[in-house]
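Dear colleague,

Please find below the structure that I am handing over to you, followed by an account of what was found in it.

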Amino acid sequence: MAGGGSRLWLRVLLGVFSVVLLLCGIGTAVGTWVWTRSAVDTRGEVDFVNRLAVPPLAQSRIDDQGRRVFDLRAQPGQRDFGQGGPTPTWGFNGDYLGPTLRAKRGEQVMVNVVNGIGRPTSVHWHGMHLPAAMDGGPHQMVRPGATWSPRWKVDQPAATLWYHPHPHGETAEHVYRGLSGMFILDDEPSAALALPRRYGVDDIPVIVQDRQFTSDGRFDDSGSFGGVGILGDTLLVNGTVGPYLDVTTERVRLRLLNGSNARTYDFGFADNRAFDLIGTDGGLLERPHRTGRIRLSPGERAEVVVSVRPAERLVLRSYPPDQGVGFPVDRFTGGDDTFDVLELRAAGSLTPAPETPDRLVPVERLDPASAVETRRFQLAGFQINGRSMDMDRIDFAVTRDTTEIWEIKKLDGIPHSFHVHDVQFQVLSVDGREPPPELRGWKDTVLLAAGDSVRIIARFADHADPNMPYMYHCHLLAHEDQGMMGQFVVVEPGQRPGRPPSGHGHAHG
Ligand code: C2O
Ligand code: CU
Ligand code: CU
């Protein structure tokens, strides 16, 4: 019976069709749900009810050898961030983050680092020019209960640096729990400029971190599926959720530090007003760059000066950052996210402040013609040049007091930021073009965006040690932990690289 047969076929077809439709519907719904949920937008939704915590300036003393000595103790703690319960944390000299260390160019400093967290850790001075043995990387582990006392001479321009643990494979966790802090360097040229400089008054540290909280208030570090590690939907600024800052002066300087594990921000103000970018990772710019946005990938810093009007409320915002990755990866790596970060509350009458000077400090340009070596670094698959970090392998040696050009290229479609220890570098080109104004100052970390190739130049001065390596790595901490890191040594002319100290997690004590 042909008619019955075709009716049956029709019914089967209709049945299949409706199942397919249903599945498509479910698929689309799930897809839409995942897609929608993966973008965060907190514009107008943050209650700015908590006064911004300003990390205290670390106490220091001068010892009998004239050194400025600080004490930092990594310790467990608890803090109520108002997210459903007390959060177990780690902090330096407190429950979350650490004090701001501050020293002047020319000073000898020493830091007594005490490990009270019950797990091996280390403390790295990000952005600092110093001997490799003092750098606090994975070869300078501190055993639980032990003290490590690195010392060095501060010899670099005034800058906003920071410190954080660097245990191989566990940096993400240690930083996420709260171990980091700011390290401000001063010098004479910067002190002579008419810039806001009263710490906590018109010169404000702004450490921005995203966190994901569980319903009972713990830090959720289970990670996202965008391949970058942890992205959170709640911002902490200096450890404060929903922060406001009382502003009493016409101009305020913000020292922005992206202390997040994976998230890139594009900072600006809610009303899009322009501000002066005055400094980047390694110090002040030659002249201020007037802009409405400054993008910071994990580890990067920027100093900005913003003008406020009496009695206004102004919101610092993070706009969706261009991370140099496309659709749809951007969506799952924070590229579509918008955050209200910090509210500035201006007093009814403001203390006058001078205009930002239009010349800041001379920045000597490193000459590409003086480079003795050009090296290439290809980033892909959590590896650099096809190799994973190996504590026992020195990847290459640089000769002391020479200048090198490094070409960094990313080959996969996810965000990476490239960081080099020991030096401050200059960006020569981004995708073969002149770097934009915000990349013309001293840098130690750079986002690989756009067409993904960045050329940098650095001079490896002063400190040589054939056996103790410095690190270079992606500063997305999950990538670093997975091995997207390498080691170089600085050697005397003609010297060959040696071997790193043996024994992983070898701890001082
Ligand atoms: Cu901020 Cu190797 O680190
Ligand atoms: Cu570093
Ligand atoms: Cu990376």
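His416 counts as buried because its relative accessibility is 0%, where buried means under 20% relative accessible area, calculated with a 1.4 Å probe on protein chains only. The model is predicted: local features need pLDDT of at least 70, side-chain atom pairs count only at pLDDT 80 or more, and totals for chains, interfaces and linings use all residues. Residues are numbered from 1 along each chain as its sequence is written, chains are lettered from A and ligands numbered from 1 in the order in which they are written, and side-chain values use heavy atoms, with hydrogens and water left out.

His416 (ND1) coordinates the copper ion (ligand 3) together with Cys474 (SG) and His479 (ND1), at 1.9 to 2.1 Å. Donors here are N, O and S atoms within 2.8 Å of the metal (3.2 Å for Na, K and Ca); water is not among the atoms, so sites may look incomplete. The spacing of these donor residues in sequence is H-x57-C-x4-H. His416 in strand β28 and Cys474 in strand β32 (residues 470-474) are 58 residues apart, and the pair links distant parts of the chain. Strands are DSSP runs (E, at least two residues), numbered from the N terminus. Cys474 is also buried, because its relative accessibility is 0%.

The copper ion (ligand 2) has His124 (NE2) and His419 (NE2) as its protein donors, 1.9 Å from it. His124 lies in strand β7 (residues 124-126) and His419 in strand β28 (residues 416-420), 295 residues apart. His124 counts as buried at 1% relative accessibility, and His419 counts as buried at 1%.

Yours sincerely

Notes:
Helix = DSSP H or I, 4+ residues; strand = E, 2+ residues; numbered from the N terminus. Buried < 20%, exposed > 50% of the residue type's maximum accessible area, 1.4 Å probe, protein only.
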